[in-house]
Amino acid sequence: MILGFPNPSIPKIVGQPTYEKQRENRALLKENAASVHSALEGGYHGHLRVCMDATTYAAVVGHAFPRPPNPGQSPLYQTTPTPNKLKTSVLTMLNAYDSTSSKMQ
């Protein structure tokens, strides 16, 4: 996944960090986060919110970040799951994701 980022490596700050170096690295991290696809808000801003506080994000984008709903607990298995149980569980989770994703677009 890292190789897919526009900035696969972030320069290490050696010695005392300066505001300028921190600002440069933060900009690179924001570019990387924005490049990761997100179904939220039509995917226009990727995961940019991960690198910004809520107030700054709202100021830049023009509205608050929609908090995604909790998808619920993953299924717990009493015994070793059979391939059919795994398939059913995965399909159930994917359907829940698709349903949530389509409501956010």
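Analyst: A residue is called buried under 20% relative accessible area, exposed over 50%, and partly exposed in between, with a 1.4 Å probe and protein chains only. By that rule, 15% of the 105 residues of the protein are buried. The model is predicted, so local features need pLDDT of at least 70 and side-chain atom pairs count only at pLDDT 80 or more, while totals for chains, interfaces and linings use all residues. Residues are numbered from 1 along each chain as its sequence is written, and side-chain values use heavy atoms, leaving out hydrogens and water.

The protein has three helices and zero strands, where helices (H or I, at least four residues) and strands (E, at least two) are DSSP runs numbered from the N terminus.

Now to the salt bridges. The term means a side-chain nitrogen of Lys or Arg within 4 Å of a carboxyl oxygen of Asp or Glu. Searching the whole structure gives two of them.

One joins R23 to E20, with 2.7 Å between the closest N and O atoms. Both residues belong to helix α1 (residues 19-35) and sit three residues apart, about one turn of the helix. R23 is partly exposed at 41% relative accessible area, and E20 is partly exposed at 37%.

Another joins E24 to K21, whose closest N and O atoms are 3.9 Å apart. E24 and K21 are about one helical turn from each other because they are three residues apart in helix α1. E24 has a relative accessible area of 35%, so it counts as partly exposed; K21, at 44%, is partly exposed.
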